[in-house]
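Here is a walk through one protein chain. Keep the model open and follow along from the aromatic rings to the loops.

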Amino acid sequence: MPSDSHALTRSHALTGGRGASGGRGAAVGRHAVLLLAAFVMLFPLLWALSASFKPGTDIYNASPLPFPGTLDNYRYALREFPIWRLLVNTFVTAIGVTLLHLVAGVLAAWSFVRFAHRGQRLVLGLVTVALVVPPQSLIIPHFLMITRLDLRDSFVGLIVPQLATCALAVLLLREHIRAIPPTLIAAATLDGASHGETLRQIVLPLLRPALGAVGIVVFITTWNEYLWPSLAAPSPEHTTIQMGLLLFATAEGPEHGPMLAAAMLATLPVAAAYFLASRRIADAFLQAGLR
């Protein structure tokens with residue numbers, strides 16, 4: 001009997017060891033696949049960053065590193081083109097669209113949760129359908145609208161029509177407001193708080209993580225927008241950095257070095273915003289999905 005028990009113990013130890021080693025092997029394999037996928041997605045950005053520090057004659061050479069490196073592309077882009085003006089235009093546009101989405105999203109989500117009315121499900125269904133409507137399909141009506149209102153080539157004409165794509169903000173904020181305990185809102189009502197006071201003093205402080213996540217997503221999306229600024233604000237006085245990159249195209253062809261340098265400058269704000277708030281964005285969408 002002792003020999004049988006020792007054999008059984010040894011068998012369990014061997015089996016457990018093989019299971020642990022198999023689990024570690026699977027984890028290593030998964031991480032290897034994720035690292036490979038990350039490298040594939042980051043390679044264009046890394047190549048553009050490296051090429052922006054190379055002289056014009058070395059951009060297409062086989063060396064992945066910029067040796068010898070140079071800042072001439074950045075100096076040329078900042079000296080010869082209105083980069084700072086384009087960046088300010090893009091920042092103003094992205095902030096304006098983000099604020100409009102947040103204000104409209106909060107008010108619409110609060111009305112969906114707080115005020116029951118006939119046809120509410122129909123309206124909510126229309127908002128959900130609007131979420132899957134491609135923004136490009138609204139380009140022609142928006143363009144005709146701002147042209148007839150004489151708002152073309154202005155910040156108002158560039159910003160306001162993009163409010164039509166706020167369905168994501170409405171639906172995401174609605175789920176977060178629904179998750180607020182009704183007792184908090186009922187207590188505020190019993191204390192004599194109006195709907196506006198309840199929204200401002202109770203709901204908005206609890207929505208800060210969701211507001212931050214929605215704001216970052218809208219900001220990044222607006223910053224990277226190209227098609228609408230090319231139609232609504234074609235002049236350098238009001239257009240964005242994405243449209244401004246066309247200024248580097250000459251009759252002899254695009255100036256790749258300065259263009260890549262300008263593209264890197266345009267990438268820095270959105271990259272910083274995402275890295276600072278990536279966890280908040282993931283948490284907000286995950287919590288909304290679990291509710």
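Rings of Phe, Tyr and Trp (its six-membered ring) pair if their centres lie within 6.5 Å. In this predicted model, ring pairs of that kind join Phe91, Phe219 and Trp223 into a cluster. Start there, then step back to the whole chain.

The chain has 13 helices and two strands. Of its 291 residues, 35% are buried. The chain exposes about 17,600 Å², and carbon and sulfur atoms supply 70% of that area. Residues 24 or more positions apart account for 75% of them.

Back to the aromatics. How many aromatic pairs does the structure hold? There are five. One of them is formed by Phe39 and Phe43. A pair of aromatic rings is described by the distance of the centres and the angle of the planes. For Phe39 and Phe43, the centres are 5.8 Å apart and the planes make an angle of 55°. An α-helix has 3.6 residues a turn, so residues three or four places apart point the same way.

Tyr76 and Phe81 make an edge-to-face pair, because their planes stand at 70° and the cut-off is over 60. Their ring centres lie 6.0 Å apart. Tyr76 is partly exposed, with a relative accessibility of 25%. Phe81 is buried, at 14%. The line between the two classes falls at 20%.

Next, look at helix 2, residues 72–80. Which of its residues are buried? They are Asn73, Tyr74 and Ala77. These residues cover an arc of only 100° around the axis, so they lie on the same side of helix 2.

Asn73 and Tyr74 are among the contacts of Ser52. Ser52 lies in the loop between helix 1 (2–51) and helix 2. Its relative accessibility is 0%, so Ser52 counts as buried. Leave aside the neighbours within four places in sequence. Ser52 then touches Thr70, Asn73, Tyr74, Leu260, Ala261 and Met264. The Ser52 side chain also reaches back to the backbone oxygen of Leu49, at 2.6 Å.

Finish in the loop between helix 5 (139–148) and helix 6 (155–159). Two aspartates there deserve a look at their backbone angles. Asp150 lies in this loop. Its phi is positive, about 60°, although Asp150 is not a glycine. Asp153 lies between helix 5 and helix 6 as well. Its phi is near 65°, again a positive value in a residue other than glycine. How accessible are the two residues? Asp150 has a relative accessible area of 68%, so it counts as exposed. Asp153 is partly exposed, at 26%.

Key. Residues numbered from 1 in each chain as written. Predicted model: local features only at pLDDT ≥ 70, side-chain atom pairs only at ≥ 80, totals over all residues. Heavy atoms only, no water. Helix = DSSP H or I, 4+ residues; strand = E, 2+ residues; numbered from the N terminus. Buried < 20%, exposed > 50% of the residue type's maximum accessible area, 1.4 Å probe, protein only. Polar contact = N/O pair within 3.5 Å; in protein donor to acceptor, adjacent residues only side chain to side chain. Contact = heavy atoms within 4.5 Å. Arc of directions from axis to C-beta. Areas by Shrake-Rupley, 256 points an atom, 1.4 Å probe, with all protein chains shown as cover. Phe/Tyr/Trp six-rings, centres within 6.5 Å; stacked < 30°, edge-to-face > 60°.
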